[in-house]
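Work through the exercises below with the structure in view. Try each task before reading its solution.

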Amino acid sequence: EVQLVESGGGLVQAGGSLRLSCAASGFTFDDYAIGWFRQAPGKEREGVSCISSSDGSTYYADSVKGRFTISSDNAKNTVYLQMNSLKPEDTAVYYCAAGIGSYCLDFGSWGQGTQVTVSS
């Protein structure tokens, strides 16, 4: 059974940092891209970042470039999202998802999400 479990969310002041973790199990971790998404109240879900398992390429939404960093620890089957210089507009539920394949194109399995709240 494919399982993705996010952790690391919480309440932080603007300008602070958090590191989210996405622990994966039930599939061959090295064969699939992992993406981070977020959904704020009243807004549609948006892609934040992704790491491809084919060549390690990383992708970021313009709104987080230069502030967020995605990384992968294949030995631990875990993908991290380091979030620095957080802003109130980063407040959302953050989800990780496994790609359908090694590229950051389509995503099939999702975690339950972790809340990130940034106070001003």
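The exercises cover secondary structure and disulfides.

The model is predicted, so local features need pLDDT of at least 70 and side-chain atom pairs count only at pLDDT 80 or more, while totals for chains, interfaces and linings use all residues. Residues are numbered from 1 along each chain as its sequence is written, and side-chain values use heavy atoms, without hydrogens and water.

**Exercise 1.** State how many helices and strands the protein has.

Solution. Step 1: helices are DSSP runs of H or I with at least four residues, and strands are runs of E with at least two, numbered from the N terminus. Step 2: by this count the protein has zero helices and eleven strands.

**Exercise 2.** Describe the disulfide between C22 and C96.

Solution. Step 1: a disulfide is a pair of cysteine sulfur atoms within 2.5 Å; here the S to S distance of C22 and C96 is 2.1 Å. Step 2: C22 lies in strand β3 (residues 18-25) and C96 in strand β9 (residues 92-99), so the bond ties together parts 74 residues apart in sequence. Step 3: the torsion about the S-S bond of C22 and C96 is about 70 degrees, so this disulfide is right-handed.
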